[in-house]
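Hi,

Here is the structure I promised to pass on. Have a look at it first, and my notes follow below.

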Amino acid sequence: MRDLWLSLPALAQDLMVLAALLVPIVAISLLLNRRFAVRSLVSAMLWRFRWANLTFVALIAIAVGMGAGLIAQEQGIRQGTASAADKFELIISAPGSEMTMMLASVYLQPSDVALLDGEVYNAVANHEQVEVAAPLAFGDSYEGAPIIGTTRAFAAYLGDQQISGRSWQGAFEAIAGAASGLAIGDRFQPSHGRGDAVTEMAHDEEFTVVGTLPRTGTPWDRAILVPVEAVWIVHGLATGHAPERAGQIGPPFDAAYFPGTPAIIVKAKELWANYALHSEFNRQNETMAFFPATVLSELYRVMGDVRQAMSVMSVVTQILVAASVLLALFILSRLFARQMALLRAVGAPGRFLVATVWGYCATLILTGTGLGLALGQGAASILSAVITKRTDILVQASLGWTELHLAAGFASGVLLLALIPAIAVLRQPLLENLRA
Amino acid sequence: MTPSTASVEPINRLAVEQLVVRTASGRMLVDIPALDLQPGSSLGISGPSGAGKSTLLYALAGLMPASDGRIQWGTTDLAQLKEASRAAFRAQHMGLIFQDFLLFEELDALANAALPGQFRQRAERERLRANARDHLQRLGIDSDARRVVSFSGGERQRVAVARALAGDPPVVLADEPTASLHRDAADHLIDDLLALVREAQRTLIIVSHDPRVLSRLDRIIELADGRPTDSATVGTTTKEAR
């Protein structure tokens, strides 16, 4: 049985779980409504208490929306940050905090870190298993877009070999990220520093954009890539090459003239080599090698705990809202006690009354749950757009099966409980209500 | 449709014997030694308020359980039936009219009049709806013009009459049907109600304190403290005398 279940495609499993969660609703509805037509009475009740009903629906929608939205959002952020790190299989840096290095190199959140020297760089770059070993040079920006010095090979790797225009030939040519606001042919002078730390004084050197990167959905979309040598020159450092080859752009670099790099982004020729490189360059007090994916998964583990807490809170909220709505329905059912008494007087079976009250509750709860899902999706989309705009990490939050299952489970549970006020209607004193 | 025994003992022939209705605490509300009604006749129940008029009507309708005795409609003894069976009997054979109409304000006249069809099978529901429309028309109510919230008292009670008759019941029970209406509307309503009841040979029981209503019925039983007064058997009229 278990093997059969596991052999099903994921979609079939999800659909079956959803169907199973909805079975109680369908079953109750069929049992209660067999041979009856309660719709006109349900609409009458909905209309009579329309303001109270709207409030109930809104309460349920907000509770469900919050839960679904939070989970979707958290998942979206996780997927977005993870795919932003896709191109960064292995990073080698000076020993320190892996998290800080990852934020600096993958998510371009600069911080002061120790530099690796030319010998280490060459050892990595010349390793037989290394395909790309990119040095990084941070520090300048242009209108909020960080300027990153690196190599042609890395620019091509980042852009999946899909650079529009061409790669740089000279030191003062640049490749602009898709969200940098620059186009081919634009010229700019870098400012020193980034963000709030930008100094008014611009550097004198002028760069020309000769190519643009396709959109990657990562913070690198905002970046402007330039030859690493250009950043060094602008800051009055060595060019990375011996004086007789001072005009050279790109590797190999001369260790003696290498100003240093905070990190080396490594792409290995083969997947297994990453592990070999990882252990080879994890040297006490010298270098640190780490997989961003591992750091992220640790981060997600912490986030997962937070998510658990959020889920529990949102479930508790939903239960509270459901309980208060059911309580309110109890009170409301007093208000239509006369109509119910009339129905019994004209001979309506008890099942008909239960079906009517339950149908009324079901309409409120299902409408609220449906609206809640839409609300959750809407809130998550807006929040994702804001995060994407702020960080350039492409976050796409959309409701998945988990949220649908949660919502279906919620609706099912509450509708089961809604039988209580529905059946309670039968216990109301008939004659008193008839005469009132 | 009606079983063969019913032809001998029509469902709208009432025979009450030693009927006692008590409150849960045991206080006697109604005590009727005997009461018989021929099919198609009409009975008025009168008496001061608190005399047990409505209680008797509700007991005859099966809305209130009999503590003792028999309430025989045709061959069915309501006093022996459980609540659900009494409700089913009511749905099948009785039409009820109340003092304050008890309509669903949010529904239109036809939906109100066809209400008992909502808990029947589709075919019966359709038939009942057509019947309700018919009765509304005869009572001068525009079927589905607007919600009854804007109706006058007289119009509302007409809708209630149409609802009571929609299922073509052999028995019609009315609790103070004219008490909420002004004189003209009351007279008008009773005219129409009696016409509709008599043409189909329905048995009609009306609780009322209105002499103008009571005087139009075949028989009157007057209650005091839950028991028929001596005048009850005296105060009868016959169809011939009317």
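**Strands and helices, chain by chain**

In chain B, B:V16 has B:I71 of β4(B) as its bridge partner. That pair belongs to an antiparallel pairing of strand β1 (residues 14-22) with strand β4 (residues 68-73) of chain B, which runs over 5 bridges. Bear in mind as you read on that this is a predicted model.

β4(B) also pairs with strand β5 (residues 76-77) of chain B, again antiparallel, through 2 bridges. Here B:Q72 has B:D77 as its partner in β5(B). β4(B) and β5(B) make a hairpin with 2 residues between them, and B:G74 in the turn has a positive phi of about 60 degrees.

Chain B also has an open sheet of 6 strands, in the order β6-β7-β8-β3-β9-β10, and its pairing is mixed. At its edges are β6 (94-97) and β10 (227-228) of chain B, each of which pairs on one side only. Inside this sheet, strand β3 (residues 42-46) of chain B runs parallel to strand β8 (residues 203-207) of chain B, with 4 bridges between them. If you want a place to start looking, B:S42 is opposite B:L204 in β8(B). Helix α2 (residues 53-61) of chain B lies across β3, β6, β7 (171-175), β8 and β9 (219-224) of chain B, and runs at about 155 degrees to β7(B).

Then there is a helix pair in chain B. The axes of helix α5 (residues 122-138) and helix α6 (residues 153-165) of chain B come within 9 Å and cross at roughly 145 degrees. The crossing of α5(B) with α6(B) is right-handed. On the α5(B) side the contact uses B:N131, B:A132, B:H135 and B:L136, and on the α6(B) side B:V159, B:A162 and B:L165. By type, the residues of this contact of α5(B) with α6(B) are 5 nonpolar, 2 polar and no charged.

Is B:H93 buried or exposed? Its relative accessibility is 19%, and buried means under 20%, so B:H93 counts as buried. Leaving out residues up to four places away in sequence, B:H93 touches B:I11, B:P169, B:P170 and B:V171.

Now for chain A, which has an open sheet of 4 strands with antiparallel pairing, in the order β2-β11-β1-β12. β2 (130-135) and β12 (288-290) of chain A are at the edges with a single partner strand each, so one side of each has no neighbour in the sheet. On average, neighbouring strands of this sheet are turned by 20 degrees against each other, direction ignored. Strand β1 (residues 90-93) and strand β11 (residues 263-268) of chain A are joined by 4 bridges and run antiparallel, with A:L90 opposite A:V266 in β11(A). Helix α6 (residues 118-125) of chain A lies across β1, β2 and β11 of chain A, at about 155 degrees to β2(A).

Last, the helix pair in chain A. Helix α2 (residues 10-33) and helix α13 (residues 401-417) of chain A pack at about 15 degrees, with axes 9 Å apart, and α2(A) and α13(A) are therefore roughly parallel to each other. Their crossing is left-handed. Among the residues making the contact are A:L11, A:D14 and A:L18 of α2(A) and A:W401, A:H405 and A:L415 of α13(A). The contact of α2(A) with α13(A) divides into 15 nonpolar, 3 polar and 1 charged residues.

Cheers

Key
Residues are numbered from 1 along each chain as its sequence is written. Chains are lettered from A and ligands numbered from 1 in the order in which they are written. This is a predicted model: local features need pLDDT of at least 70, side-chain atom pairs count only at pLDDT 80 or more; totals for chains, interfaces and linings use all residues. Side-chain values use heavy atoms; hydrogens and water are left out. Axes are lines fitted to C-alpha atoms, for helices over the stretch in contact, and angles run from 0 to 180 degrees between N-to-C directions. A crossing is left-handed if the near helix is turned anticlockwise from the far one by less than a right angle, and right-handed if clockwise. Contact means heavy atoms within 4.5 Å. Ala, Val, Leu, Ile, Met, Phe, Trp, Tyr, Cys and Pro count as nonpolar, Asp, Glu, Lys and Arg as charged, and the others, Gly among them, as polar. Angles under 35 degrees count as roughly parallel, over 145 as roughly antiparallel, 65 to 115 as roughly perpendicular and the rest as oblique. Buried means under 20% relative accessible area, exposed over 50%, partly exposed in between (1.4 Å probe, protein chains only). Two strands pair if DSSP finds at least two bridges between them.
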